[in-house]
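I opened this entry to record what I looked up, one topic at a time.

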Amino acid sequence: MSAAVPTLVLVTGPEELRAERAVDSVVEAVRTSDADAEVVHVHTESYQPGELMVHTSPSLFGGWTVLVVHDLDEADDALVEDLSGYLDQPADGVTLVVLHKSGNRGKRVLDALKKSGARVIEAKAVKTERDKHDFVTEEFRSARRKIAADAVGALVLAVGKDLRELASACEQLIRDVEGLVETEDVTTYYGEKVETTGFRVAEAALGGDEARAMALLRHAMLGGLDPVPIVAVLAMQLRQVGKVATAGRGSSAQLARDLGMAPWQVDAARRASQGWDGQRLGAAIQAVAQADVDVKGGVRTEVAVRSPEYAVERAVLTVCRLAQGDGRP
Amino acid sequence: MSVFDQLVGQPRVVSTLRRASTEPAAMTHAWLFTGPPGSGRSVAARTFAAALQCEGAGGVQVGCGECQPCRMVMAGSHPDVRVVDTDQTFIKVGEARELVLEAQARPSLGRWRVMVVEDADRLNDHSANTLLKSLEEPTARTVWMLCAPSLEDVLVTVRSRCRHVRLGTPSPHAVADLLISRDGIDPSMAHYAARAAQSHIGIARRLATDEHARARRREITSIPTGLASLGDALRAAQDLVDEAGEGAKATSADHAEEQRRELLTQLGADLTARTQPPSVRAHLRRLDDRLKAEARRQQHDSIDAALTDLASVYRDALLVTAGSGLDRVNASEPEQIQLLARSFSAEQLLLALETIGEARQRLIANGAPLLVLEAMMIGLLLPRG
Ligand SMILES: [Zn+2]
């Protein structure tokens with residue numbers, strides 16, 4: 001077996017998809033040298049004491065074995081004992097891959113693995129918006145393909161709740177779309193999600209494009225979209241523009257870090273803030289705050305709200321007029 | 001020394017409760033204590049419960065605070081005094097049913113079985129209905145004590161079956177005296193805390209004993225003079241929401257994990273299993289919903305308390321512009337108040353108070369907290385020029 005094939009691997013971190021990929025990459029590396037290498041999975045909840053020894057004893061035909069131990073962080077004493085024993089005296093012809101999500105359980109084995117020079121692969125969690133944007137960008141980069149910055153945003157909005165879905169969406173776009181992947185491609189494949197609509201309505205309203213903003217909004221409402229998340233996205237957009245517009249100069253990357261946004265969001269917010277001033281932005285945020293309560297049924301003491309649809313329309317219209325430099329509609 | 005010493009500035013209430021616990025003819029089986037937050041509603045219920053169970057000094061000095069039953073009640077460990085407090089928005093029917101069952105049992109140690117419901121305003125139609133029968137004809141040795149901010153907060157069906165005891169807002173002086181005598185707090189600190197807390201006894205105590213609480217209050221009261229631009233307003237709103245989130249115990253991972261373990265143990269489920277059977281998963285989902293509701297409620301309460309502090313600054317500034325000699329809540333921060341009184345006209349200060357009031361209404365109406373506060377802070381921006 002060549003030196004490129006590791007005999008000890010530690011995959012650490014909670015992101016299942018990344019951990020799976022790490023295991024796949026190890027198996028692939030082993031199989032380039034021994035195409036018939038056998039892969040054995042050991043699961044914590046069904047582990048029998050001594051099982052490890054059975055799998056690591058030399059096989060009859062002398063083939064290589066990849067032994068994958070899942071969830072060391074949930075292991076009982078028997079498995080920890082057996083792993084420690086194995087690490088004292090590793091077997092030939094075996095690649096041991098240990099998966100550990102988080103926490104201190106199984107620390108003895110972790111330490112022993114690191115001391116024995118195990119290759120460590122991280123499976124870091126993908127949680128924040130930024131993580132997801134970075135994830136998509138990385139998927140495209142490793143496929144040596146390009147995706148437009150706002151298309152990344154649209155994709156994350158559309159299918160970003162689940163990382164697997166996001167990964168398979170990337171895969172599909174890379175396979176099916178030629179050249180640069182743009183927002184339209186994302187919309188074609190993954191449809192118009194409510195967040196995407198809210199995003200586009202906000203974009204049009206902030207740009208003062210009344211006709212487009214109202215058309216998008218009415219279309220979405222006719223399609224039965226819930227006004228509450230539309231208002232939430234509107235509020236988020238205005239907030240970002242407000243923060244970026246008042247944050248002063250500074251590079252996009254710096255601002256992105258300071259404000260907890262993605263760099264492309266900072267750039268988009270900068271573009272959207274053109275022609276706005278603090279006073280009108282403030283009025284726009286107040287209009288959206290009013291709509292937020294109205295679409296949820298309103299404040300008890302206020303006059304009855306005509307309809308949630310009307311409340312959103314009024315807010316969007318106000319933002320449009322404010323964008324055009326007017327006062328209230 | 002008597003347990004009633006803890007009922008600050010409420011002489012009428014004390015004499016009513018004393019009479020009820022000594023003269024059988026003055027006793028009733030269902031009570032409703034109302035009063036503004038911090039006036040001591042639940043303290044009133046507890047002291048009354050102690051007085052009912054008291055065995056001290058041959059029954060002469062009722063609620064002696066020295067005998068074992070008195071101590072147990074005040075420490076919350078008396079087996080016959082059940083105090084129901086809730087982190088939830090509503091008391092559920094299931095909980096109400098359990099209480100009714102419990103109320104039927106004879107007292108095990110003391111003379112009375114006492115059921116204290118601290119947030120009777122959180123009884124909804126269903127859970128209130130469940131309690132009605134027991135409130136109307138309780139078992140001979142059972143006493144219900146319900147607490148709520150005001151009569152209007154309690155369903156008519158419930159309040160019509162209770163004897164009403166109204167607590168007033170004690171004077172800051174009375175609250176300070178309590179902090180000095182009961183908690184051994186330095187007089188000048190006690191007076192500052194009582195004033196700043198607007199006579200809310202619990203908050204006053206926290207301010208007097210917790211440096212972090214004082215620092216947080218100073219942060220809030222200095223917000224108004226710092227609101228010069230949109231950026232300031234957005235930041236102030238974000239800070240308030242972040243602070244409230246951090247304070248919310250229900251949002252902490254430790255608390256969630258602890259609750260999860262407790263539930264799994266109760267269900268006899270395997271704590272270490274990665275996937276639980278469907279029936280257990282259903283329970284876990286309900287727990288999740290409950291924790292979320294708790295977190296929301298704690299965040300809401302924390303923001304609401306902050307808005308009380310914020311409003312007090314504008315009210316003080318209004319007193320200054322009106323040249324009133326009335327006691328100022330923020331007497332310890334004279335510069336802030338003076339600056340605000342110079343920047344705003346009396347009319348603008350009134351508008352600011354309305355803006356804060358509107359934000360509170362919107363939070364109750366389930367407005368998105370960050371957005372509500374952003375709109376409010378923008379409305380509170382200092383006049384330009
Ligand atoms: Zn006693």
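**Sheet in chain B**

I started with strand E1 (residues 30–34) of chain B, which is joined to strand E4 (residues 142–148) of chain B by 5 bridges, the two running parallel. This is a predicted model, and I read it as such. I picked one residue pair to look at. Ala30(B) has Trp144(B) of E4(B) standing opposite.

**Sheet in chain A**

I repeated the search in chain A. Here, too, I noted an open sheet of 5 strands, with the order E2-E3-E4-E1-E5 (chain A) and parallel pairing. The edges are held by strand E2 (38–42) and strand E5 (119–122) of chain A. Each has a single partner strand, so one side of each lacks a neighbour in the sheet. The twist in this sheet averages 20 degrees from one strand to the next.

I checked one pairing in detail. Strand E3 (residues 65–69) of chain A runs parallel to strand E4 (residues 94–100) of chain A, and 5 bridges link them. Val69(A) has Val98(A) in E4(A) as its bridge partner.

**Nonpolar cores**

Next I looked at the cores. In general, nonpolar side chains of soluble globular proteins tend to be buried together. The largest nonpolar core has 94 residues. Which of them touch the most other members? My list reads Leu155(A), Val201(A), Ala205(A), Leu234(A), Val288(A) and Val319(A). Helix H11 (residues 227–246) of chain A gives the most to this core, with 9 residues.

Leaving out residues up to four places away in sequence, Leu155(A) touches Val136(A), Ala169(A) and Val186(A). Another core, of 66 residues, lies apart from the largest one. Its members include Val3(B), Ala128(B), Val165(B) and Ile203(B).

**Contact between the chains**

Last, I went to the contact. How many residues does each chain put in? I noted 24 residues from chain A and 20 residues from chain B. On the chain B side, helix H11 (230–247), helix H15 (346–364) and helix H16 (369–379) of chain B are the elements that give two or more residues. H16(B) gives the most, with 6 residues. By type, I have 10 nonpolar, 7 polar and 3 charged residues on the side of chain B that touches chain A.

Methods: Residues are numbered from 1 along each chain as its sequence is written. Chains are lettered from A and ligands numbered from 1 in the order in which they are written. This is a predicted model: local features need pLDDT of at least 70, side-chain atom pairs count only at pLDDT 80 or more; totals for chains, interfaces and linings use all residues. Two residues are in contact if their C-beta atoms, placed from the backbone, lie within 7 Å. Helices (H or I, at least four residues) and strands (E, at least two) are DSSP runs, numbered from the N terminus. Ala, Val, Leu, Ile, Met, Phe, Trp, Tyr, Cys and Pro count as nonpolar, Asp, Glu, Lys and Arg as charged, and the others, Gly among them, as polar. A nonpolar core is a set of buried Ala, Val, Leu, Ile, Met, Phe, Trp, Tyr and Cys residues joined through C-beta atoms within 7 Å. A residue is buried if 20 or more other C-beta atoms lie within 10 Å of its own, exposed if 12 or fewer, and partly exposed in between; C-beta atoms are placed from the backbone. Two strands pair if DSSP finds at least two bridges between them. Axes are lines fitted to C-alpha atoms, for helices over the stretch in contact, and angles run from 0 to 180 degrees between N-to-C directions.
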